[in-house]
Amino acid sequence: MGQAASAERKAGAIGSDRAAGIVLVLLFRYNLHCCGIFCYNPPRVTVEESFVADTIWWPDLAGDHVKKTQGLKVSIRGAIASGRIGVGARLPPVREVAWRLGITPGTVAKAYKDLVDDGVLEAVVGRGTFVATEAAPVAPPVHAGFLERLPEGMVNLRSAEVADVGQADAFREAMRALPPAGPGDYVGYPLTGFDITLRRHIADWFAAPAHGEIAAEDVVLTQGGQHALVILMQTLLHGPRPVVLTEELAYPGIRHAAALVRADIAGVPMDDEGLLPDALDRAATETGAQLLCTSAEAHNPTTVRTSDERRARIVAVARAHGMQIVDDNCFCPAGAAAPGYRTLAPERSWLAVSLSKNLSPDIRVGAIVAPPGGSAAVRQVAQQQFFGLARPLVEVVTAIMESGRAAGLRDAIQAASGRRVAMAREALAGWDAAIRDDVPFVWLRMPRGWRASSFLRAAEAAGIRLKAADEFALIDGRAPNAVRLTLTSEQDDGRFRAALDRLAGLLAQPPLEVDV
């Protein structure tokens, strides 16, 4: 009994000595670490290597990425696209990736989660993260709201409409002048080529030195400019989650069109000459974008015109990355002469055009101008989607164009816009406003003391409806402190000028109270 107790005490003492030794070693290593004598940093892996038994690929963060999360996603997407990791392959655990790459587990977890949300990966509880076997279900796009009539007395400087120069009478006359219907008319679906005459008129209507020669065969009619964007994205994008690049401030319809086709959209910074080519190149590298959607002649909302030199550099980036270019040309001034993307890069450039900004948004006629001889694919998508424009609409618009009445209305609309531009220059003199003679809206930067959101509320209280910069910002994007006001939606000159004077008065009197 005594011997057993003695052995137990001896074993305990040995155990205590060992524990003390381990503690001393750990303290020693800790002191060396703190003194800088011994520093252990996990190795940064920058090459693909085998990691675990069922993983034959390793992510690489050697690229120049603004965010490590983005770099990790680019690496994973690239490996999947190239076939280096196949469907069903298991990715390394989050903590192991973080340790090997010298980044935080949260960074890795965020990248994995984003790719799971995009349907690229799928997470299985208790097993890990795998390359998705099929596209994950995607939530429907966020409802963008319907167009609604403004309250009585409210001045509309928000939506981009055209001046009333007699469109209603012109279209009614065109309807009455249509020839009588013949046997078999209006009982079938639109046939291929039935709209060729209107396509010829559309080609002439938007012809400009900037775009080169436009043949009727290169024109595909759509139900407005927004519809043209959707059809183009349906035609040009491929894969489960393609990426579209556009300006970091952009016409909201681009964002909505991308959502409808289940595409991601990423913003590219711009300056007073247009998109920044280096930023565009970086974004294309990081996202693998397939499409650039831009507005070269009159950017909405900033009025910026992309310079000739900048256009050439943008084309070079698009070619280097195999991107298609869609030029949203709806606000393009008539007769633009500088070489456009369709001239600079005819093999990859498309125009989205519309009669909404130079005739009437009510008739819903737009068009896609394809690269020369390249309309077959987009025409097929359009026909499969909606067969074609309604025959009565085609006949009425064709008639009003053939009569010359449409050209007269367009000239009158441009003249009305010019008068409103002159009013805006006078009323907003002294304020930081971007105003162009050939663009029917103004980009107004807020003076010290005003925020765009509070200015909108003050304008609304004064009976004026505007649009803030944040409505043009992409999701999670940055919005400058500015608002856009349109010039031709309000039809009465007196009410329009009075509204401008009220806005100028507000600009001069920023709020003094501080909300807490």
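Predicted model: local features only at pLDDT ≥ 70, side-chain atom pairs only at ≥ 80, totals over all residues.
Start at Arg364, which lies in the loop between strand S11 (349-354) and S12. Phi of Arg364 is near 55°, a positive value in a residue other than glycine. Most residues other than glycine have a negative phi. The side of the story told by accessibility is simple. Arg364 is partly exposed, with a relative accessible area of 35%. That value falls between the 20% limit for buried and the 50% limit for exposed.

A second residue shows a positive phi. Tyr186 is not a glycine, yet its phi is about 65°. Tyr186 sits in the loop between helix H5 (167-176) and H6. Its relative accessible area is 41%, so Tyr186 is partly exposed.

The backbone holds one more point of interest, this time in a peptide bond. Most peptide bonds are trans. The bond from Asn300 to Pro301 is cis, with omega near 25°. Where is Pro301? Pro301 is in the loop between strand S9 (291-294) and helix H10 (308-321).

Now follow the chain from the loop of Tyr186 into helix H6. H6 spans residues 196-205. Which residues of H6 are buried? They are Leu198, Arg199, Ile202, Ala203 and Trp205. These residues lie on the same side of H6, because they cover an arc of only 160° around the axis. What does this buried set pack against? Its partners include two strands, S4 (219-222) and S12 (366-369). The buried residues of H6 also pack against helix H12 (376-386), helix H13 (391-402) and helix H14 (405-427).

The contact itself can be read residue by residue. H7 contributes Gln226, Leu229, Val230 and Met233. From H8 come Gly253, Ile254, His256, Ala257, Ala258 and Leu260. By class, the contact of H7 with H8 has seven nonpolar and three polar residues. No charged residues take part in it.

Terms used. Residues numbered from 1 in each chain as written. Heavy atoms only, no water. Contact = heavy atoms within 4.5 Å. Helix = DSSP H or I, 4+ residues; strand = E, 2+ residues; numbered from the N terminus. Nonpolar A, V, L, I, M, F, W, Y, C, P; charged D, E, K, R; others polar. Buried < 20%, exposed > 50% of the residue type's maximum accessible area, 1.4 Å probe, protein only. Arc of directions from axis to C-beta.
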